[in-house]
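Visitor: I have a protein structure to look at, and I am new to this. Can you show me how to read it, feature by feature?

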Amino acid sequence: MGHRMKHELLPPGLFLEAAEAMSDARRIYLIGEADMLEAVEGLDASQVAWLKDSGFTGAARKQATLPTPDGRLAGAALGTGKGDAGDPSGPSILLLGQLAGSLPAGRYALAKNVEDPVLAAVAWGLGAYRFRRYKTNGGE
């Protein structure tokens with residue numbers, strides 16, 4: 001009999017939920033280069049100002065965390081570029097994988113529904129995956 005490998009599919013406490021299940025989850029905003037930040041539903045004026053001051057333009061693979069008024073983590077913005085399927089990373093929804101690997105543990109939800117939620121979930125899961133069997137001390 002072969003032995004089973006031990007691995008983690010998601011870091012402890014890192015979850016992605018559907019937009020309609022948001023409750024107290026931190027929001028993830030997918031923002032393209034053509035999107036006007038002021039028009040992104042759910043962002044408040046201070047978050048729009050934060051994104052502008054940090055130089056966020058919605059360029060593909062760019063990301064920014066978003067603060068609450070009291071300085072806590074409210075969520076994140078992820079640049080999807082022009083949304084072209086020919087982008088080196090493939091369909092822009094696959095960029096969620098990059099974001100999953102860089103956010104702190106917590107519950108996250110897409111701020112709005114996406115065209116292909118299954119692809120979004122796969123990208124998130126693959127981005128959050130860490131194979132740690134041969135790492136010492138549980139390190140990254």
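Predicted model: local features only at pLDDT ≥ 70, side-chain atom pairs only at ≥ 80, totals over all residues.

Visitor: Let us begin with the strands. Which strands does β2 pair with, and do they run parallel or antiparallel?

Guide: Look for bridges between strands. Another 6 bridges join β2 to β4.

Visitor: Which residues stand opposite each other?

Guide: Take one example from each pairing. Arg26 stands opposite Tyr108 in β5. Tyr29 stands opposite Ala77 in β4.

Visitor: Now the cores. How many residues has the largest nonpolar core?

Guide: Start with the general idea. In soluble globular proteins, nonpolar side chains tend to be buried together. Here the largest nonpolar core has 16 residues. Ile28, Leu96, Leu99, Leu103 and Trp124 have the most contacts inside it. Two or more residues of this core come from each of β4 (73–81), α2 (96–100), β5 (106–110) and α3 (117–128). The largest share is that of α3, with 4 residues. Another core lies apart from this one and has 12 residues, including Leu37, Val40, Leu51 and Ala111.

Visitor: Let me try single residues. Is Gln47 buried or exposed?

Guide: Read the relative accessible area. Gln47 is buried because its value, 6%, is under the 20% limit. Find Gln47 in helix α1, residues 45–53. Then look beyond its neighbours within four places in sequence: Gln47 is in contact with Gly42, Leu66, Pro67 and Ala74.

Visitor: And Ser92: where is it found, and how accessible is it?

Guide: Ser92 is found in the loop between β4 and α2. Ser92 and Lys82 are 10 residues apart in sequence, and their C-alpha atoms are 8.4 Å apart in space.

Visitor: Last, the pockets. What lines the second largest pocket?

Guide: Again, the general idea comes before the case. Rolling a probe the size of a water molecule over the atoms shows where empty space is left. The second largest pocket holds about 280 Å³ of space. Its lining has 13 residues, and Tyr29, Val40, Glu41, Ala111 and Lys112 lie nearest its centre. By type, the lining divides into 8 nonpolar, 1 polar and 4 charged residues.

Technical notes. Residues numbered from 1 in each chain as written. Heavy atoms only, no water. 1 Å grid on protein atoms, 1.4 Å probe; cavity = no way out; pocket = protein on both sides within 12 Å on 5 of 7 lines; lining within 4 Å. Points joined across faces, edges and corners; volume = space filled by probe spheres on them. Nonpolar A, V, L, I, M, F, W, Y, C, P; charged D, E, K, R; others polar. Buried < 20%, exposed > 50% of the residue type's maximum accessible area, 1.4 Å probe, protein only. Contact = heavy atoms within 4.5 Å. Core = buried A, V, L, I, M, F, W, Y, C linked by side-chain atoms within 4.5 Å. Pairing = 2+ DSSP bridges.
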